[in-house]
Amino acid sequence: MFNDIQEVLYTEEQLQTKIKELGETLSRDYEGRNPLVICVLKGAFIFMADLVKNMTIPLELDFMAVSSYGTATKSSGVVKILKDLDVPVEGRDVLIVEDIIDSGLTLSYLIDVLERRNANSTRVVALFDKPVRRTVGLEADYRGFELPDAFVVGYGLDYAEKYRNLPFIGILKPEVYSN
Ligand SMILES: O=P(O)(O)OC[C@H]1O[C@H](OP(=O)(O)OP(=O)(O)O)[C@H](O)[C@@H]1O
Ligand SMILES: [Mg+2]
């Protein structure tokens, strides 16, 4: 598994330091608002767990599973909801937790769905961002790291469902997916 990584971009320690900072900022910004923190499965599962451990205010969690990449390294353009939320978002201050914003298609779809359900506010925290790949205009309200234009894996992110359990984020060797 480690042999398939071309370059480690951020170590486990660097990720944890940034997530602590994000948790402190979000705790200040959402003080007294009991936010509904939504994990976008599967990619965001590790980030979500580490982030909420660094949030020191009352909050509620829910999970939504969406997928558009499958076994490809480019978005299919079709975002499918595989599991919907358990609770209504009407009137809630919603914080969407994403691992990565790449084309932006997943998030623009999700924000649209949640706003149509009349959330009071909808904001996004994304650990990773690849701004050069964007096909829809959209920015995270809170963001960890900007990434280069390369397919990355680890810390929740997969290629064909593998590598999610790497504790760091790294560039996958192109020969792994090009043959
Ligand atoms: O900005 P985009 O181009 O839409 O890419 C970002 C989305 O793609 C990945 O999900 P994926 O569809 O691979 O599902 P997964 O989280 O189960 O891996 C990732 O976890 C984001 O949710
Ligand atoms: Mg994926």
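Colleague: Which strands do the buried residues of H3 pack against?

Modeller: This is a predicted model, in which local features need pLDDT of at least 70, side-chain atom pairs count only at pLDDT 80 or more, and totals for chains, interfaces and linings use all residues. Residues are numbered from 1 along each chain as its sequence is written, while chains are lettered from A and ligands numbered from 1 in the order in which they are written. Helices (H or I, at least four residues) and strands (E, at least two) are DSSP runs numbered from the N terminus, and two residues are in contact if their C-beta atoms, placed from the backbone, lie within 7 Å. The buried residues of H3 pack against strands E2 (36-41), E3 (60-67), E5 (93-101) and E6 (121-129).

Colleague: Which residues of H3 are buried, and within what arc do they fall?

Modeller: A residue is buried if 20 or more other C-beta atoms lie within 10 Å of its own, exposed if 12 or fewer, and partly exposed in between, with C-beta atoms placed from the backbone. In H3 the buried ones are Thr106, Leu107, Leu110 and Leu114. They line one face of the helix, because the arc, taken from the directions from the helix axis to the C-beta atoms, is 85 degrees.

Colleague: Which residues are exposed on the other side of H3?

Modeller: The buried set of H3 includes Leu110 and Leu114. On the other side, the exposed residues are Asp112 and Arg116.

Colleague: How far apart are the end C-alpha atoms of H3?

Modeller: H3 covers residues 105-116, which is 12 residues.

Colleague: Where is Arg117, and which residues is Arg117 in contact with?

Modeller: Arg117 sits in the loop between H3 and E6. Arg117 counts as partly exposed because it has 15 C-beta neighbours inside 10 Å. Leaving aside neighbours within four places in sequence, its contacts are Val89 and Glu90.

Colleague: Which element gives the most to the shell around ligand 1?

Modeller: A residue is near a molecule if its C-beta atom, placed from the backbone, lies within 6 Å of it. The shell has 17 residues, and the closest are Gly43, Tyr69, Asp102, Ser103 and Thr106. E5 and H3 each supply at least two residues of the shell. The element that gives the most, with four residues, is E5.

Colleague: Which elements do the buried residues of H2 pack against?

Modeller: H2 runs over residues 45-53, and its buried residues are Ile46, Phe47, Met48 and Leu51. They pack against helix H1 (12-29), E2, E5 and E6.

Colleague: Which residues is Gly23 in contact with?

Modeller: Gly23 lies in helix H1. With 19 C-beta neighbours inside 10 Å, Gly23 counts as partly exposed. Neighbours within four places in sequence aside, the contacts of Gly23 are Leu51, Asn54 and Met55.

Colleague: What is the radius of gyration of the chain?

Modeller: The chain has four helices and nine strands. The globule rule, 2.2 Å times the number of residues to the power 0.38, with the radius taken over C-alpha atoms, gives a radius near 16 Å for a compact globule of 179 residues. The chain agrees with that, at 16 Å.

Technical notes
The expected span of a helix is 1.5 Å times one less than its number of residues.
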